[in-house]
Amino acid sequence: MNKKLMIIPLVLIIIFGIAGFSTDSSDNENNTIFHVTFADPNLYKNGEYNNSLILEKGEYFFRFVPNGSSPKILSISLNGNTFDFSEDFKLVGTLHKTTISEYFTWDYDGEKEFSISEMQEIVISINPNGETMGSISVDILEN
């Protein structure tokens, strides 16, 4: 009987922990406005990716998921009726040393935040500058 009384609170803690974790991850997914993953050179037409999206008035930022084989420079431009943005993001590796290993983490350096003053259609162009073999994910998230 004592074991059953101890198991019930443990089960409740696990259930609430899982419910809290799933709620947090869904909040992050809801503010993703744009997502593309390049893992195949055929995704680039004439060496560049182009698409369009509607952005509301607001604050936005880029999030990247690169690795060591991602393009060294990733040029992104956003163009709309009253908005122009262009940035050449540079791939930067950060060395991490532990007592048993060394490894790199990767990110793109450049201006990642931008503001839209009114709702409009935006044309996004992503140019890997000839390096189409490395994988990279690009997201635009709303602040």
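## Aromatic contacts

Guide: At 5% relative accessibility, Phe114 counts as buried, because buried means under 20% relative accessible area, exposed over 50% and partly exposed in between (1.4 Å probe, protein chains only). This is a predicted model: local features need pLDDT of at least 70, side-chain atom pairs count only at pLDDT 80 or more, and totals for chains, interfaces and linings use all residues. Residues are numbered from 1 along each chain as its sequence is written, and side-chain values use heavy atoms, with hydrogens and water left out.

Visitor: Is Phe62 buried or exposed?
Guide: Take its relative accessible area, which is 3%. On that value, Phe62 is buried.

Visitor: How many aromatic pairs are there?
Guide: Rings of Phe, Tyr and Trp (its six-membered ring) pair if their centres lie within 6.5 Å; planes under 30 degrees apart count as stacked, over 60 as edge-to-face and the rest as tilted. By this rule, the count of aromatic pairs is 13.

Visitor: Why is the pair of Phe62 and Phe114 tilted?
Guide: The ring centres of Phe62 and Phe114 are 5.4 Å apart. The pair is tilted because the planes stand at 45 degrees.

Visitor: What are the centre distance and plane angle of the pair Phe83 and Phe114?
Guide: This aromatic pair is tilted. Centre to centre, Phe83 and Phe114 are 5.7 Å apart, and the angle between their planes is 40 degrees.
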